[in-house]
Amino acid sequence: MAQEFRNVPVYRGGVKACVFDWAGTVCDAGVFAPVLTFQKLFEEEGVPISSAEVRAPMGVHKRLHIQRICQLPEVRKRWTDKKGSPPTDDDAERIYSKSLTATLDLLPANSKMIKGVPETMNKLRTELGVKIGSSTGYTSEIMAKLKPLAAAEGYTPDSYVTSDEVTSGRPGPAMIYLNMVRLDVYPAQAVVKVDDTTSGITAGLNAGCWTVGIAKTGNYVGMTEADMEKADKKELAAKVENAKSILYQAGAHFVIETTRDLPPIVEEINKRMSLGLRP
């Protein structure tokens, strides 16, 4: 009689690595560097855009981000009213070609580490044995400037992956997989993707990882830490709850307010995997 069951390996180890997004997750609370960059570039085209219009496609490769902004109905209308015809792929490419210089100009003032991030990374490494990976919609040229700024504030990931190093960025899993290669970490369920955008959460799910959304310091609240301290508590709480809802609806396994809250989540994931559970 043929065997009716087959034995398959079940991973019961702990989390080996966390792969963090940058803006809104570990630095630049409120994600202002990309917003201000794109607003400046579209202003130069004579077609001003709002913060909300910039934030809508946040998380994807910057070239795709600009294309999606151009496709927004309100932006297309303003562009057509100004220039006589809708924006084309060539227009989007022209704007993208200027984005590197614009981002590099704005980056130093919009790259401050979120409070508690370096200490959290130290705890993950020393107490939980976790390697630190990173992925971003920024290009390698931008990362070359961001890396020393982050290091000066105590944040030094074990792996850096930028969107121009892979065929396609978020929501695809390629940047996570390249982090796993560089960190020499497997299987995918031993990895946690930490991100403040829906595209980052989807990337983690597509990779087969655990996913943790960052609500308070991320794109969907869109406030600096200083502004949050001064904000009306009820209004801020409502914005944070909205951000949590967006991230949960994207499929996040867990949603926390800031990266500082991550260590207990890693411990909970370790408990689940010890029972043979997968993402």
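Student: In this predicted model, does V31 count as buried or exposed, and what is the relative accessibility of V31?

Tutor: V31 has its place in the loop between β1 and α1. A residue is called buried when its relative accessible area is under 20%. V31 therefore counts as buried, with a relative accessibility of 1%.

Student: What is the phi of V31?

Tutor: Most residues other than glycine have a negative phi. V31 is a residue other than glycine, yet its phi is positive. The value for V31 is near 55°.

Student: Which value does phi take in D28?

Tutor: D28 is also placed in the loop between β1 and α1. At 5% relative accessibility, D28 counts as buried. Phi of D28 is positive, although D28 is a residue other than glycine, and lies near 50°.

Student: Which residues line the largest pocket?

Tutor: The largest pocket has a volume of about 220 Å³. Its lining divides into five nonpolar, three polar and four charged residues. The lining residues are D28, A29, F32, A109, N110, S111, K112, M113, K115, T224, E225 and A226.

Student: How many aromatic pairs does a search of the whole structure find, and what is the geometry of the pair of W22 and Y155?

Tutor: The search of the whole structure finds three aromatic pairs. In the pair of W22 and Y155, the centres are 5.2 Å apart and the angle between the planes is 70°. Planes over 60 degrees apart count as edge-to-face, and the pair of W22 and Y155 is edge-to-face.

Student: How many residues apart in sequence are the parts that the pair of W22 and Y155 ties together?

Tutor: W22 is buried, with a relative accessible area of 0%, and Y155 is buried at 1%. W22 lies in the loop between β1 (17-20) and α1 (32-44), whereas Y155 lies in the loop between α7 (140-152) and β3 (161-162). The pair therefore ties together parts that are 133 residues apart in sequence.

Student: Why is the pair of W22 and Y160 stacked?

Tutor: Planes under 30 degrees apart count as stacked, for rings with centres within 6.5 Å. The ring centres of W22 and Y160 are 6.2 Å apart and their planes stand at 25°, so the pair is stacked. This pair links distant parts of the chain, with W22 in the loop between β1 and α1 and Y160 in the loop between α7 and β3, 138 residues apart.

Student: How many disulfides does a search of the whole structure find, and how far is the sulfur of C209 from that of C18?

Tutor: A disulfide requires a pair of cysteine sulfur atoms within 2.5 Å. The search of the whole structure finds zero disulfides. C18 is in no disulfide, and the nearest cysteine sulfur, that of C209, is at a distance of 10.0 Å.

Student: Are C18 and C209 buried or exposed?

Tutor: The cut-off for buried is under 20% relative accessible area. C18 has 0% relative accessibility and counts as buried. C209, at 1% relative accessibility, counts as buried.

Student: What is omega for the peptide bond that joins R170 and P171?

Tutor: Most peptide bonds are trans. The bond joining R170 and P171 is cis, and P171 has its place in the loop between β3 and α8 (174-183). Its omega is about 10°.

Student: What is omega for the peptide bond from Y186 to P187?

Tutor: P187 lies in the loop between α8 and β4 (191-195). The ring of Y186 has the charged end of K16 over it, 5.0 Å from its centre. The bond from Y186 to P187 is cis, with omega near -5°.

Student: Which residues lie nearest the centre of the largest cavity?

Tutor: The largest cavity has a volume of about 80 Å³. By class, its lining has five nonpolar, four polar and four charged residues. Of the 13 lining residues, those nearest the centre are D21, A23, M58, K62 and R170.

Methods
Residues numbered from 1 in each chain as written. Predicted model: local features only at pLDDT ≥ 70, side-chain atom pairs only at ≥ 80, totals over all residues. Heavy atoms only, no water. 1 Å grid on protein atoms, 1.4 Å probe; cavity = no way out; pocket = protein on both sides within 12 Å on 5 of 7 lines; lining within 4 Å. Points joined across faces, edges and corners; volume = space filled by probe spheres on them. Nonpolar A, V, L, I, M, F, W, Y, C, P; charged D, E, K, R; others polar. Phe/Tyr/Trp six-rings, centres within 6.5 Å; stacked < 30°, edge-to-face > 60°. Helix = DSSP H or I, 4+ residues; strand = E, 2+ residues; numbered from the N terminus. Buried < 20%, exposed > 50% of the residue type's maximum accessible area, 1.4 Å probe, protein only. Lys NZ or Arg CZ within 6 Å of the ring centre and 35° of its normal.
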